[in-house]
Amino acid sequence: MDKENINYTILGSETDFDGKLEFRDNLKINGRFTGTITSDGNLEIDRAAVCTVDKMAAKAIVISGTVNGNIEASERIEMCSGSKVKGNIVTARLRIADDVEFEGQVTMLDKEPEVDLFSVASDEYKQSLVLKTDSED
């Protein structure tokens, strides 16, 4: 599937969401979120976003902003340069860039990675995940 057919929901920079959020496709948070996130899809936390969660669970999570709370991803978690994460992490694959503030424990799931995520650039890896997700639907 091409990139134009990907379903994205964006919580804009002026959004302040408090509660329980469930979604199936792709979500990008640019504003503030407080509560619980549960998803089978992909989640991206923008550089300006601040999330305070009991639990954040999705298939793949890319964090560029600030997250306080426990994070779980069945496939992978990526912490981009400049991100701040305080909480425990459970995932099959983990990528932490330089200049990340991380405080917590990591538990790795027993799942072998299909791609060597350290051999590709961050943007290339994100694109391959989006294309893989779409081809499975």
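How many aromatic pairs does the count come to in this structure? In this predicted model, the count comes to 1 aromatic pair. The two rings belong to F17 and F33, with centres 5.3 Å apart and planes at 10 degrees. Planes under 30 degrees apart count as stacked, so the pair of F17 and F33 is stacked.

The pair links distant parts of the chain. F17 lies in strand β2 and F33 in strand β4, 16 residues apart. Are these two residues buried or exposed? F33 has a relative accessible area of 1% and is buried, because buried means under 20%. F17 has a relative accessible area of 26%, so F17 is partly exposed.

Strand β2, residues 16-23, and strand β4, residues 32-39, run in the parallel sense and are joined over 8 bridges. One of the residues involved is D18, whose bridge partner in β4 is T34. Strand β4 pairs with strand β6 (residues 50-63) as well, again in the parallel sense, over 7 bridges. Here T38 has A57 in β6 as its bridge partner.

The last topic is confidence. The protein chain has an average pLDDT of 85, and 77% of the residues score at least 70. Among the elements of the chain, strand β8 (residues 84-86) has the highest mean pLDDT, 98, while helix α1 (residues 122-136) has the lowest, 54. Over residues 132-137 the pLDDT falls below 50, and beyond near neighbours in sequence this stretch has 8 contacts in the model. Where pLDDT is low, predicted coordinates should not be read in detail.

How values were computed
Residues are numbered from 1 along each chain as its sequence is written. This is a predicted model: local features need pLDDT of at least 70, side-chain atom pairs count only at pLDDT 80 or more; totals for chains, interfaces and linings use all residues. Side-chain values use heavy atoms; hydrogens and water are left out. Two strands pair if DSSP finds at least two bridges between them. Helices (H or I, at least four residues) and strands (E, at least two) are DSSP runs, numbered from the N terminus. pLDDT is the predictor's confidence in each residue, from 0 to 100. Contact means heavy atoms within 4.5 Å. Rings of Phe, Tyr and Trp (its six-membered ring) pair if their centres lie within 6.5 Å; planes under 30 degrees apart count as stacked, over 60 as edge-to-face and the rest as tilted. Buried means under 20% relative accessible area, exposed over 50%, partly exposed in between (1.4 Å probe, protein chains only).
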